[in-house]
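Please look at the sequence and the structure below before reading on. The paragraphs after it lead through the fold step by step.

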Amino acid sequence: MKLILYRCLILILFSIPIFSCVKKGGSEKTTVRFLNRPDNGGGWKELIERFEKEHPDIDIDLVEGPDSTNIRENMYSTSFLAGESTYDLAFMDIIWVSKFAQAGWIEPLDNRFTLKMQKEFLPGDIAGSIYNGNIYRVPMRTDAGMLYYRKDILKQAGLSPPETWNEFVDIALKLQSPPDVWGFVFQGKQYEGLICDFLELVWGAGGDLLDEKGIVRIDEPEAISALQWMSDILNRYKICPPGVTTYQEEESRHIFHEGRAIFMRNWPYAWTLSQKDGSPIQGKIGIIPMVHKKGGKSAATLGGWGFGISKFSKNKEAAWKFIKFAAGYEGQKILHFKNGAIPTRHDLFKDKDILAESPYYPDLYKVLLTARPRPSHPRYSQISDILQVYVSKAIVGQETPDIALKEAAKEIRRLINR
Ligand code: GLC
């Protein structure tokens, strides 16, 4: 009986790796799986093909999930909560790091991703990958919010790009001709993107969500004025299409791409896609920092994505090999050219091919170095969920900005003091 039990155990132990190996062409391959948004541009496909060619024993399985960061966060969380080894890598938004690390779902990478290697990356992306003194994420692409505008149209009208909220509204009202061409598109849907856009306005008015001391400041007058303005551009000045409250990044980009908006708030990836051959706005756009309240300063939300290794993965070595390739010089360069991803490595901002294609990179680099992170709190996603509800209520006209933010602040305080 003991022998049978022992044999069963051996069988089980030896069969585990078989589950994570795939037979292809007769040889056994290790599969490394991760979840991401759809591969618009085909950059991941090319990157993975290149990696697999160099590593014939490893198969990379990219699961293309929904566009929304919130939904993918839930998908990873559900799988990790169940202790599943479905995903070997967590391709993480910068705002998930604290939560995933605190929950013990991802491995500290300090032994693999050394301090020397970390220095090759932009400081904000590294800072956002650290939790409690350990590094958990290798930055793969960075992001910072910015304002796109129709350079050709403004120039023709003899107008300079705006700096303040008032200048912005004046220009939008002058140049728009709705419903064909609207003044402004942004990420107005109730999801994380809305908070990124909203925080740029809050910071641009001198306010904050949660300061360094952990004090909730979202019900202060500066933040309220930001929400009031966000609501005004929709409901009072009417410079946004009514559907903007359902837009994520891609919906806004499509409208702008078709030439149906004068201004757009988005991430830098939209630049590369708008410059491709056949684009109706090729060569016609410019970028500037987000407009701010009079007396305030422009602010950009720091975003970005990177790899962590799942605690539950059975293929950690292969996963690390892929991370090193993907986040390396060539990997990031492929993703830049195909998908418009903004590199996280300093050296790629001096790359001749990239500079030829994106002459605005030296300016972008400066913006990236000053972009502001969202609060690094293990409960950030819950904080943001609360705020999303109330910001959304205010911009669709269900609540006044003042009451909406007072309610939001109350709930956020309750949550973080729990
Ligand atoms: C971009 C950013 C990410 C942010 C998301 C919101 O993907 O990189 O940090 O959370 O947009 O939609």
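This is a predicted model: local features need pLDDT of at least 70, side-chain atom pairs count only at pLDDT 80 or more; totals for chains, interfaces and linings use all residues.

Which residues surround the ligand? There are 13 of them, and the closest are Asp93, Asp143, Glu249, Gly304 and Arg374. Sorted by class, the shell holds 5 charged, 4 polar and 4 nonpolar residues.

Some of the distances can be given atom by atom. For Asp143, a polar side-chain atom is 2.5 Å from an oxygen atom of the ligand. For Glu249, an N or O atom of the side chain lies 2.6 Å from an oxygen atom of the ligand. For Trp305, the corresponding distance from a side-chain N or O atom to a ligand oxygen atom is 2.9 Å. The ligand taken alone would expose 310 Å², and the protein buries 93% of that area. Two elements give two or more residues to the shell: α9 (192-204) and β12 (302-309). Of the elements, β12 gives the most, with 3 residues.

Is β7, which spans residues 138-144, enclosed or open? A residue counts as buried when its relative accessible area is under 20%. For β7, 7 of the 7 residues are buried, so the strand is largely enclosed by the rest of the structure.

Asp152 lies in helix α7, which runs over residues 151-156, while Lys284 is found in the loop between α12 (269-274) and β11 (285-288). The two are 132 residues apart in sequence, yet their C-alpha atoms are 5.4 Å apart in space. Asp152 has a relative accessibility of 28%, so it counts as partly exposed. Lys284 is also partly exposed, because its relative accessibility is 31%. The side chain of Asp152 is joined to that of Arg150 by a polar contact of 2.8 Å. Lys284 can be set against another residue as well: Thr86 is 198 residues from it in sequence and 44 Å from it in space, C-alpha to C-alpha.

Finally, there are some points of backbone geometry. Most peptide bonds are trans, and most residues other than glycine have a negative phi. Where does the model have a cis peptide bond? The bond from Pro178 to Pro179 is cis, with omega near 5°. Pro179 sits in the loop between α8 (165-175) and β9 (182-185).

A positive phi is found at Asn132, about 50°, although this residue is not a glycine. Asn132 is placed in the loop between β5 (130-131) and β6 (134-135). With a relative accessible area of 66%, Asn132 is exposed. Lys238 is not a glycine either, and its phi is positive at about 55°. The loop that holds Lys238 runs between α10 (221-235) and α11 (249-257).

Key
Residues are numbered from 1 along each chain as its sequence is written. Side-chain values use heavy atoms; hydrogens and water are left out. A residue is near a molecule or strand if one of its heavy atoms lies within 4 Å of it. A polar contact is a pair of N or O atoms within 3.5 Å; within protein, one must be able to donate a hydrogen and the other to accept it, and residues adjacent in sequence count only if both atoms are side-chain atoms. Accessible areas come from the Shrake-Rupley method with a 1.4 Å probe; for residues, only the protein chains shown count as cover. Helices (H or I, at least four residues) and strands (E, at least two) are DSSP runs, numbered from the N terminus. Ala, Val, Leu, Ile, Met, Phe, Trp, Tyr, Cys and Pro count as nonpolar, Asp, Glu, Lys and Arg as charged, and the others, Gly among them, as polar. Buried means under 20% relative accessible area, exposed over 50%, partly exposed in between (1.4 Å probe, protein chains only).
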